[in-house]
Amino acid sequence: MKDLQNIKQRFGIIGNYEGLNRAIDIAVQVAPTDLSVLITGESGTGKEVFPQVIHSYSARKHGPYIAVNCGAIPEGTIDSELFGHEKGSFTGATDSRKGYFEVADSGTIFLDEVAELPLSTQVRLLRILESGEFIRVGSSKVQKTNVRMIAASNVDVTRAIDKGKFREDLYYRLNTLPIKVPSPRERGDDILLLFRKFSVDFAERYRMPAIRLDSEAKNILLNYSWPGNVRQLKNITEQISIIENEREIKADVLKAYLPDYDGVKLPAIIRKDEEKAFSSEREILYKILFDMKSDMNDLKKLVYDLIQHGEIDVPFDKTNSTVIKNLFGDTKTARVAPNVAETPAADFSSRQERTDIQDTEEIIEESLSLADKEVEMIKKALEKYSGKRKMAAHELGISERTLYRKIKEYGIEM
Ligand SMILES: Nc1ncnc2c1ncn2[C@@H]1O[C@H](COP(=O)(O)OP(=O)(O)OP(=O)(O)O)[C@@H](O)[C@H]1O
Ligand SMILES: [Mg+2]
């Protein structure tokens, strides 16, 4: 696509990797709309150019463009920077001052490192996104502004939400359209293109011939993990350009500039770690469900016994009837509860009956899949500890006795 090449040239974006092209394409498509955009990607992947592309291709291109690094502004002053303040609103506020949102009226604001914003500021942002309204610090006058918001983050915002550090509603409002900027390690040959571009740029800047890589060094470049992404590649190219006298760079020379070079694309491992963290989160959840379910079963059995032996009297209304039907329905040992059959309340209209049946089915289905999970978890734990029940029970967070019972109950073979 010719347009794509033009954009790349205009904004100095290097690379042909599909993921990069797609990100640029989305930026151009979304530009003329007023949708907010969230740009994500690891640190140093080149996120900063995207809001500029969006602004330049939008109807706001003649309006102001303001980039704010939310992570660099102290928490105490961020509201005043973003929304302005009135004279005397805090110590040192000798004058009133417009905030970025007021200055950027009819233009675009780029909120970089948006996950760093304090929660109280997030509330104010949400208001602007929803109604365009804001209030200067120390004022009570509601003002309006017409600003398009683009945000970026190099951390996973959903994690920040889980930790209670980022408002979910704000995330969904900002993330109307996500753009993910790929890391160079996913980009294959783009690394070589980027290296060539940077070496030519630095050669010009330092007025010396550009550095080149021999073929072994090229392979190293392609195989390195680039934890610092394009920024790291750029820095290293600059260092080598300045320090090395020999312009053709050999593998050994290059390796010396790459921290922890071991010929492995480390982030693959990092990604595995993430997966591990995720799956251990999932395992914790399963454990909780697992324990809850066995508590629930114990309670059900207890209630069932009490009812059957006439130890407690359950008054019969519609709700109780459903609960009791479920209770018995899910208890494999008893299919019909005599008390229920005798009760006139059990004789519901057929419509009520149908909903009861549906409820029961849902519950049974759910508990079945939980049982599967239980079996899976128990097998996993036993495998991990080569059949040692004590260790497996410990890992599962249940007693050895419960584990023993479950192994028998499910007929798990080892
Ligand atoms: N595709 C690219 N072509 C040319 N230069 C690039 C490319 N991607 C990144 N760069 C350069 O890499 C450096 C880092 O990019 P940028 O500052 O946009 O990273 P970032 O994604 O904002 O990182 P952080 O999350 O740490 O702020 C910049 O100097 C940028 O010009
Ligand atoms: Mg940045």
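**Close-up views of a predicted model**

View 1. With a relative accessibility of 28%, Glu-113 counts as partly exposed (buried means under 20% relative accessible area, exposed over 50%, partly exposed in between, with a 1.4 Å probe and protein chains only). This is a predicted model, in which local features need pLDDT of at least 70, side-chain atom pairs count only at pLDDT 80 or more, and totals for chains, interfaces and linings use all residues. Residues are numbered from 1 along each chain as its sequence is written, chains are lettered from A and ligands numbered from 1 in the order in which they are written, and side-chain values use heavy atoms, leaving out hydrogens and water. Glu-113 sits in the loop between E3 and H6 (helices are DSSP runs of H or I with at least four residues, strands runs of E with at least two, numbered from the N terminus). Its phi is positive, about 50 degrees, although Glu-113 is not a glycine. Most residues other than glycine have a negative phi.

**View 2. Arg-207, an exposed loop residue.** Look for Arg-207 in the loop between helix H9 (190-206) and strand E8 (212-213). Here too phi is positive in a residue other than glycine, near 50 degrees. Arg-207 counts as exposed, at 77% relative accessibility.

**View 3. Helix H6 and its buried side.** The 13 residues of H6 (residues 119-131) should span 18 Å at 1.5 Å a residue, and the end C-alpha atoms, 19 Å apart, agree with that (the expected span is 1.5 Å times one less than the number of residues). Thr-121, Gln-122, Leu-125, Leu-126, Ile-128 and Leu-129 are buried in H6. They cover an arc of only 160 degrees around the axis, which puts them on the same side of H6 (the arc is that of the directions from the helix axis to the C-beta atoms). Partners packing against the buried residues of H6 include helix H4 (75-83), strand E3 (108-112) and helix H8 (168-174), where contact means heavy atoms within 4.5 Å. Just after H6 comes Gly-132, with a positive phi of about 75 degrees.

**View 4. Helix H3, largely enclosed.** Seven of the eight residues of H3 (residues 49-56) are buried, so the rest of the structure largely encloses this helix. Among them are Val-49, Phe-50, Pro-51 and His-55.

**View 5. Leu-302 in helix H13.** Finally, Leu-302 lies in helix H13 (residues 266-308). Leu-302 is partly exposed, with a relative accessible area of 48%.
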